[in-house]
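Follow along with the structure open.

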Amino acid sequence: MSSMTMHDETMNEMSADRGRILIVDDEQHAREALAVLLEEDGYDVRDAPDGFKALGVLRDWECDILVTDLRMPVMDGLTLIKKAREEFPELTCLVMTAFGSVENAVEAMKSGADDYLTKPLNFDAVEIVIDRALERTRMRRELDRLRNGVSLGGATTQMVGNSPPMQKLKGMIDQVATSRATVLITGESGTGKELVARLIHERSDRSEKPFVRLHCSALAETLLESELFGHEKGAFTGAASQRTGRFEEANGGTLFLDEIGEIPMATQVKLLRFLQEREFERVGGNQTISVDVRIIAATNRDLEQEVRDGNFREDLYYRLNVIHLNTPPLRVRRGDIAPLASHFVAKYARQNGKEIDEISPEVIEALSQYDWPGNVRELENTIERAVVLANGTRIEMSHLPDNFGQTSFAPNSEIRIPGSTLEDIERYAILKTYEAAGGSTSETAEVLDISVRKVQYKLKDYRGE
């Protein structure tokens with residue numbers, strides 16, 4: 001087995017889950033295909049061929065979402081949902097049904113399902129429904145904490161580091177949190193833009209209302225508008241019922257629009273209108289809806305350059321850029337690397353049931369000297385790997401990736417431009433970025449601005465699998 005294969009398997013074991021999903025379907029190929037797709041997207045997935053086995057999995061494994069086929073022998077999807085809800089009242093449940101049986105899915109929702117998917121599955125639609133379901137699950141848990149007297153401000157989100165750039169950023173967060181102004185957060189990938197947005201929300205007078213997130217670059221134009229503004233029944237093929245959008249879900253709270261620089265021009269116009277008038281219509285509807293939502297947007301693009309290039313509306317840019325915050329890259333706040341590393345060691349030691357109370361001085365020195373092109377996210381991935389590999393109470397150099405700190409995103413003597421084919425350059429870029437990202441395919445995809453699936457396909461191709 002190649003070192004890269006071993007490394008990839010190790011990373012798969014320790015990958016940070018986006019959420020835990022149980023798929024139940026008596027059709028093996030359909031069940032396994034959906035599981036593979038969701039795993040490629042970063043979810044922790046298990047599957048079961050029938051309702052009885054699914055209940056057994058749920059009793060042994062804490063799950064965020066149950067996705068079940070509606071029609072199955074012995075125990076159908078509705079019976080499974082009913083029994084699962086009796087034992088796990090907070091479990092989010094989705095049903096899958098044939099396209100021609102949407103009315104059955106609607107009945108299922110009346111009987112307790114949270115949402116539905118139509119077969120044959122469209123994976124873009126699957127991602128949207130699951131993302132929406134996870135967002136609602138998080139919101140429900142936050143509200144539960146509130147009802148139990150736990151303050152969201154301070155307890156749920158931490159910003160580690162006291163370097164001068166971070167002290168400045170923290171001061172700005174405290175200043176802008178209590179205002180109603182729109183905030184634009186810029187910075188490189190992995191610098192914590194969403195964390196800043198959550199802190200602003202949690203320290204505002206909106207903290208008891210929803211914090212709703214939408215990753216704008218993950219959706220096609222028509223789906224993006226539907227997600228933002230909702231749609232009416234029959235607005236487009238597959239719109240079997242009315243659906244509220246993220247603006248309505250965030251009413252009274254905060255809507256975080258991640259990667260705002262990716263939205264198409266037509267959607268920019270509608271977003272501008274909302275920022276000007278605080279009202280909108282659902283897709284396919286004519287009823288004007290007003291909501292009270294604070295917008296926080298983020299991007300790793302240079303929006304001023306995008307405006308000059310004609311890719312982003314100037315009037316929208318100024319509407320978004322009322323308050324501008326920049327998240328500093330890790331290489332300009334090296335004093336925060338050691339405390340961040342300690343924070344992640346403690347976090348992942350708890351998650352993995354380990355007692356690790358020390359990082360060797362050699363490791364701290366190596367971490368501090370590295371430039372971290374993937375920023376805090378890359379550091380977190382590196383530390384999680386080290387915790388998983390550690391077999392004692394101390395993190396040692398042997399727990400860091402091979403050749404740690406010696407990789408670079410810039411071309412060197414291994415490849416020459418001109419003199420190399422595009423295929424050679426692509427291979428070099430993917431492999432080097434994959435190494436620098438600590439073996440994380442999602443981080444590699446984000447840095448290179450390509451899909452996770454393309455990274456995974458290319459890695460398999462390079463290994464000759």
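This is a predicted model: local features need pLDDT of at least 70, side-chain atom pairs count only at pLDDT 80 or more; totals for chains, interfaces and linings use all residues.

Q: Which residue does the side chain of Arg334 meet in a salt bridge?

A: Asp371. The N to O distance is 2.4 Å. Asp371 is partly exposed too, at 41% relative accessibility.

Q: Where do Arg334 and Asp371 lie in the chain?

A: Both are in loops. Arg334 sits between β12 (323-326) and α15 (337-351). Asp371 sits between α16 (361-369) and α17 (375-389). The pair links distant parts of the chain, 37 residues apart.

Q: How many salt bridges does the structure hold?

A: The count is 32. Some share partners: Glu194, Arg198, Arg213 and Asp258 are joined in this way into one network.

Q: Is Arg246 buried or exposed?

A: Buried, because its relative accessibility is 1% and the cut-off for buried is under 20%. Its side chain forms a salt bridge with that of Glu227, with N and O 2.9 Å apart. Arg246 belongs to helix α11 (residues 246-249) and Glu227 to helix α10 (residues 221-229), 19 residues apart. Glu227 also counts as buried, at 3% relative accessibility.

Q: What does the salt bridge between Asp47 and Arg31 tie together?

A: First, the distance: the closest N and O atoms of Asp47 and Arg31 are 2.9 Å apart. Asp47 is in strand β2 (residues 44-48) and Arg31 is in helix α2 (residues 28-40), so the bridge ties together parts 16 residues apart in sequence. Now check the exposure of each partner. Arg31 is buried, with 8% relative accessible area. Asp47 is partly exposed, with 34%.

Q: What describes two packed helices?

A: Two values do: the angle between the axes and the distance between them. Take α3 (residues 51-60) and α4 (residues 77-87). Their axes come within 10 Å and cross at roughly 20°. That makes α3 roughly parallel to α4, because the angle is under 35 degrees. The crossing of α3 past α4 is right-handed.

Q: Which residues make the contact between α3 and α4?

A: From α3, they are Gly51, Ala54, Leu55, Leu58 and Arg59. From α4, they are Leu80, Lys83, Ala84 and Glu87.

Q: How many residues of this contact are nonpolar, polar and charged?

A: Five are nonpolar, one is polar and three are charged.

Note on methods. Residues are numbered from 1 along each chain as its sequence is written. Side-chain values use heavy atoms; hydrogens and water are left out. Axes are lines fitted to C-alpha atoms, for helices over the stretch in contact, and angles run from 0 to 180 degrees between N-to-C directions. Helices (H or I, at least four residues) and strands (E, at least two) are DSSP runs, numbered from the N terminus. Angles under 35 degrees count as roughly parallel, over 145 as roughly antiparallel, 65 to 115 as roughly perpendicular and the rest as oblique. A crossing is left-handed if the near helix is turned anticlockwise from the far one by less than a right angle, and right-handed if clockwise. Contact means heavy atoms within 4.5 Å. Ala, Val, Leu, Ile, Met, Phe, Trp, Tyr, Cys and Pro count as nonpolar, Asp, Glu, Lys and Arg as charged, and the others, Gly among them, as polar. A salt bridge is a side-chain nitrogen of Lys or Arg within 4 Å of a carboxyl oxygen of Asp or Glu. Buried means under 20% relative accessible area, exposed over 50%, partly exposed in between (1.4 Å probe, protein chains only).
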